[in-house]
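Hi,

Here is the structure I promised you, ready to open in your viewer. My notes on it follow below.

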Amino acid sequence: MVFNSYIFILVFLPLCLSGYFFLNRIHHYHAGLAFLLGMSLWFYGFFNPSYLPIICGSVVLNYSLYRWMRAVALKGIGQGTKREIAFWIGIASNLGILGYFKYTDFFIENINYLFQVDYPLKHILLPLGISFFTFQQISFLADIYSDTRGEVAYSFLSYAAYVTYFPQLVAGPIVKHDVLVPQLQDEKRKRVDYNYLSKGIALFILGLAKKVLIADVLGNYVNLAYKDVYALNTTTAVLAVLGYTLQIYFDFSGYSDMAVGLGWMMHIDLPVNFDSPYKSISITEFWKRWHMTLTAFFTKYVYIPLGGSRRGNARMYANIFIVFLLSGLWHGAGWTFVFWGGIHGLAQICERVLRQYNQRNMLMCKVERNIQLSAVLMKLRLILGWIWTFGFVNIAWVLFRANSMTEAYVLLSQIGRCQFGVISQAMINVFAQPEWTLLWSADSRTNLKLYFVLALILAVTFPPAKQIAEQCVSRRWTAFVFAFLLAWCIFSFTGVSTFLYFNF
């Protein structure tokens, strides 16, 4: 089931909210949590019920290992080895399950290429959200392993509801147990809070609008362009690159906004996953604003255990590169993803080297010497930093979207040739939306230009949707705006379009 569907908005969500709050209102708290668990499993298994045994088996396995580690911890001193065995069994099991479903064919393809053999591919169906709920449970086991006194005590129902909580189940944010479980157990949060409810509805609608009204339309153009990259001229290739940059932002941040909004409706705070990343003036800053919970996961559970920045610059640079290679591989089973992660890692390393070089050589003017010149240089630095970051991110997204390294090379080559030309009528027709025709222009070519310009302005200049929702919900007239947006989105459900990160 997806958020942008009739069954979710008109059936699932009203039923879920009413049932959950009704059971909690009559003080059947365990029944309310069990109801939420059941609804989450229905949400997850809606597309394919065969996914359910996988996630249920994963929950049972990890909860059993948690109980084992906690029982050993409660026994006291001298039990460290047993806890370590349980922990590493958990890590190996989770990564093994993820590796089997996500990377088996990738491994076979590379074996066939390297050794000139012809092992058949398995074509294993990738379960929805397996990368997200696997990492979520790995983080849980890592935290429990650090809990040497066995102080963390969760029932199976609380743990299962935490892992399967439907707003964040299939595309994040990656939520830590100590953020979500206490909220699920807090009786004060089991009652309707109308301030949270109204903010949640507003944020959900904003995220839905990002997905349906912007990302999906741009995605139609991008999909058409990537069908035959050889046929693109420089104009259409540039628009394909920019289109995907905007599409993936509005698609993924839209999902994250809807997830946080759904949490608010249920009086639950989920972590924010995006903070206007296209405003960044460096790649380092970009990753502090983009997919923030994944960055936090890799920082805490990979970068720091590898030594972080504590063992000298060379080791720090190696750790950064390893983290980004793993991040690329986490996103997808293909060399394009590995290279995408690798170049982001190299970019961060280069930025750190330059930053250290500038600090040592005092290349920046001192404010006390020339305040006016320093202000000019600072503004220039901000502008050049944004151009560098946004340009680099655009090029890197080509690797992320392309089906192969060859396709990525061809697309970038078409841009490098500077052979500008006309946009095909088929690509223009993508923007012939009836609602835009009423609002803007009957000319699809004009609609195309307006789409790209407005999407770019929204992506670069607007504050996070959470901030907009919090500010607007206190003003009564905005209710009409949100109602209009919701109706517009629902009438635009011509086809159910899944979110891009469902594929990862």
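Predicted model: local features only at pLDDT ≥ 70, side-chain atom pairs only at ≥ 80, totals over all residues.

In which loop is Ser276 found? Ser276 turns up in the loop between α9 and α10.

**Two residues with positive phi**

Ser276 is not a glycine, yet its phi is positive, at about 45°. Its relative accessibility is 3%, so Ser276 counts as buried, the cut-off being under 20%.

Gln116 also has a positive phi without being a glycine, here about 55°. You'll find Gln116 in the loop between α4 (80-115) and α5 (130-146). Is Gln116 buried or exposed? Gln116 is exposed, with a relative accessible area of 67%.

**Ser282, in the α9-α10 loop**

Ser282 sits in the loop between α9 and α10 (283-289). With a relative accessible area of 14%, Ser282 is buried. If you set aside the neighbours within four places in sequence, Ser282 is in contact with Glu351, Gly385 and Thr389.

Helix α1 (residues 6-25) packs with helix α2 (residues 29-45) at an angle of about 165°, and their axes are 7 Å apart. An angle over 145 degrees counts as roughly antiparallel, and α1 and α2 are therefore roughly antiparallel to each other. Their crossing is left-handed.

- From α1: Ile7, Phe8, Val11, Phe12, Leu15, Cys16, Gly19, Tyr20, Leu23 and Asn24.
- From α2: Tyr29, Ala31, Gly32, Phe35, Leu36, Met39, Trp42 and Phe43.

By type, the residues of the α1-α2 contact split into 15 nonpolar, three polar and no charged.

Helix α3 (residues 51-75) and helix α6 (residues 156-164) have axes 10 Å apart and pack at an angle of about 130°. That makes α3 and α6 oblique to each other, and α3 passes α6 in a right-handed crossing. On the α3 side the contact takes in Ile55, Val59, Val60, Asn62 and Tyr63, and on the α6 side Phe156, Tyr159, Ala160, Val163 and Thr164. That contact has eight nonpolar residues, two polar and no charged.

Ile55, which lies in helix α3, is worth a look by itself. Ile55 is buried, with a relative accessible area of 0%. Which residues does Ile55 contact, leaving aside neighbours within four places in sequence? They are Leu41, Tyr44, Phe133, Thr164 and Leu169. Ile55 and Ala160 are 105 residues apart along the chain, and their C-alpha atoms are separated by 9.7 Å.

The axes of α8 and α19 come within 9 Å and cross at roughly 135°. That makes α8 oblique to α19, and the crossing in which α8 passes α19 is right-handed. Lys199, Ala202, Leu203, Leu206 and Lys210 in α8 meet Ala465, Lys466, Ile468, Ala469 and Glu470 in α19. How many of the residues of this contact are charged? Four are charged, six are nonpolar and none is polar.

Which residues of helix α19 (residues 465-472) are buried? Ala465, Ala469 and Cys472 are. Seen down the axis of α19, these buried residues fall within an arc of 80°, so they line one face of the helix. The background is that an α-helix has 3.6 residues a turn, so residues three or four places apart point the same way. The buried residues of α19 pack against α8 (194-227), α9 (234-265) and α20 (478-491).

**One last stop: Trp397**

Trp397 lies in helix α14 (residues 371-401) and is buried, with a relative accessible area of 1%. Not counting residues up to four places away in sequence, Trp397 touches Tyr244, Thr245, Ile248, Tyr278, Phe286, Trp290 and Trp340.

Cheers

Technical notes:
Residues numbered from 1 in each chain as written. Heavy atoms only, no water. Axes fitted to C-alpha atoms, helices over the stretch in contact; angles between N-to-C directions. Helix = DSSP H or I, 4+ residues; strand = E, 2+ residues; numbered from the N terminus. Parallel < 35°, antiparallel > 145°, perpendicular 65-115°, else oblique. Left-handed = near helix turned anticlockwise from the far one by under 90°. Contact = heavy atoms within 4.5 Å. Nonpolar A, V, L, I, M, F, W, Y, C, P; charged D, E, K, R; others polar. Buried < 20%, exposed > 50% of the residue type's maximum accessible area, 1.4 Å probe, protein only. Arc of directions from axis to C-beta.
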